Amino acid sequence: METAMEYGSIERELHIDASPEVVFEVLSSPEHIRDWWSAETAFEPAAGATGRLTWTDAETGRRDSSPFTVVEADPPRLFSFRWTYDEKETQAEAVGPGNSLLVTFELAPEGEGTTVRFRESGYRERGWEAAVLEAHYNDHRQGWDFYLPRLVATAKRLAAAR
C-alpha cells in the first residue's frame with residue numbers, strides 16, 4: 001500500500017516517431033492540444049503566458065476549466081506549465097508551488113524520433129489531507145495514462161503529414 005509521502009510526482013518516458021520540433025508544436029499549440037488533450041485553449045507558448053484549459057463533457061455539456069501559466073518554453077527541448085483546478089486559490093495570487101501542479105515535458109532527439117520525459121509534480125506541496133492527495137494523484141495518474149498515448153498519436157500523425 002502506498003503512503004501519502006509517495007504521491008510526489010507522476011513521471012513517464014515516451015518515445016515518439018517525430019522530430020522534437022513536431023513534438024514541441026503538438027505540446028504547445030492550442031490547435032494540437034485540442035486533438036490530444038481534448039481541451040479548448042488559447043495562449044502563446046512563451047514563459048509567463050496565461051490561459052485556460054476547458055474540457056466539455058459531450059454527454060452532459062458540463063464544462064470544467066483550469067487556469068494555467070507557461071513556466072518555460074524552450075523550443076524544441078522543453079515546455080512546462082503550472083495549472084490548477086481550484087480557482088479560489090489562484091484568483092488572489094499568482095500560480096505558484098503551493099497552489100498548482102507543475103507539468104514538464106523535456107524533449108531529446110533520439111534517432112529519427114524524440115524521447116519525451118514527462119513529469120507532473122507539486123501534489124504534496126498543495127497541503128491536501130492524505131485522502132484528498134491520494135484521490136487527486138490517482139485521478140491525474142489515470143488521466144495522463146489516457147492522454148499521453150494520444151499525444152504520441154497526434155505527433156506521429158503530424159509528422160507523417162509533413
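The legends below describe several close-up views of one predicted model. Local features are given where pLDDT is at least 70 and side-chain atom pairs where pLDDT is 80 or more, whereas totals for chains, interfaces and linings use all residues. Residues are numbered from 1 along each chain as its sequence is written, and side-chain values rest on heavy atoms, with hydrogens and water left out.

**View 1. Helix α1 and its covered residues.**
Helix α1 spans residues 20–28; helices (H or I, at least four residues) and strands (E, at least two) are DSSP runs, numbered from the N terminus. The helix is mostly covered, with 7 of its 9 residues buried. Buried means under 20% relative accessible area, exposed means over 50%, and partly exposed lies in between (1.4 Å probe, protein chains only). The buried residues of α1 are Pro20, Val22, Val23, Phe24, Val26, Leu27 and Ser28.

**View 2. The packing of α1 against α2.**
The axes of α1 and α2 are 6 Å apart and meet at an angle of about 80°. Axes are lines fitted to C-alpha atoms, for helices over the stretch in contact, and angles run from 0 to 180 degrees between N-to-C directions. The two helices are therefore roughly perpendicular; this term covers 65 to 115 degrees, while angles under 35 degrees count as roughly parallel, over 145 as roughly antiparallel and the rest as oblique. Glu25, Val26, Leu27 and Ser28 of α1 meet Pro30, His32, Ile33 and Trp36 of α2, where contact means heavy atoms within 4.5 Å. By class, this contact has 5 nonpolar, 2 polar and 1 charged residues. Ala, Val, Leu, Ile, Met, Phe, Trp, Tyr, Cys and Pro count as nonpolar, Asp, Glu, Lys and Arg as charged, and the others, Gly among them, as polar.

**View 3. Histidine 32 in helix α2.**
Histidine 32 lies in α2 and is buried, with a relative accessible area of 6%. Its side chain is joined to that of glutamate 25 by a polar contact of 3.2 Å. A polar contact is a pair of N or O atoms within 3.5 Å; within protein, one must be able to donate a hydrogen and the other to accept it, and residues adjacent in sequence count only if both atoms are side-chain atoms. Leaving aside neighbours within four places in sequence, histidine 32 is in contact with Glu25, Val26, Thr154 and Leu158.

**View 4. The packing of α2 against α4.**
Helix α4 (residues 130–161) packs with α2 at an angle of about 130°, the axes being 8 Å apart. This angle makes α2 oblique to α4. On the α2 side the contact is made by His32, Asp35, Trp36 and Trp37, and on the α4 side by Trp144, Tyr147, Arg150, Leu151, Thr154 and Leu158. The contact has 6 nonpolar, 2 polar and 2 charged residues by class.

**View 5. Aromatic pairs.**
The model holds 20 aromatic pairs. Rings of Phe, Tyr and Trp (its six-membered ring) pair if their centres lie within 6.5 Å; planes under 30 degrees apart count as stacked, over 60 as edge-to-face and the rest as tilted. The rings of tryptophan 37 and tryptophan 55 have centres 5.5 Å apart and planes at 80°, so this pair is edge-to-face. Tryptophan 37 belongs to helix α2 (residues 30–37) and tryptophan 55 to strand β2 (residues 50–56), 18 residues apart. Both of these tryptophans are buried. The rings of phenylalanine 105 and phenylalanine 118 have centres 5.3 Å apart and planes at 50°, so this pair is tilted. Phenylalanine 105 is in strand β5 (residues 101–110) and phenylalanine 118 in strand β6 (residues 113–121), and both are buried. One aromatic cluster includes Trp37, Trp55, Phe105 and Phe118.

**View 6. Threonine 84 in a loop.**
Threonine 84 is placed in the loop between β4 (78–83) and α3 (87–91), and counts as buried at 1% relative accessibility. A polar atom of its side chain lies 3.3 Å from the backbone oxygen of asparagine 99. Threonine 84 and serine 100 are 16 residues apart in sequence and 4.8 Å apart in space, C-alpha to C-alpha.

**View 7. Backbone geometry in two loops.**
Most residues other than glycine have a negative phi, and most peptide bonds are trans. Serine 38, in the loop between α2 and β2, has a positive phi of about 60° although it is not a glycine. A cis peptide bond with omega of about -5° joins proline 75 and proline 76; proline 76 lies in the loop between β3 (63–74) and β4.
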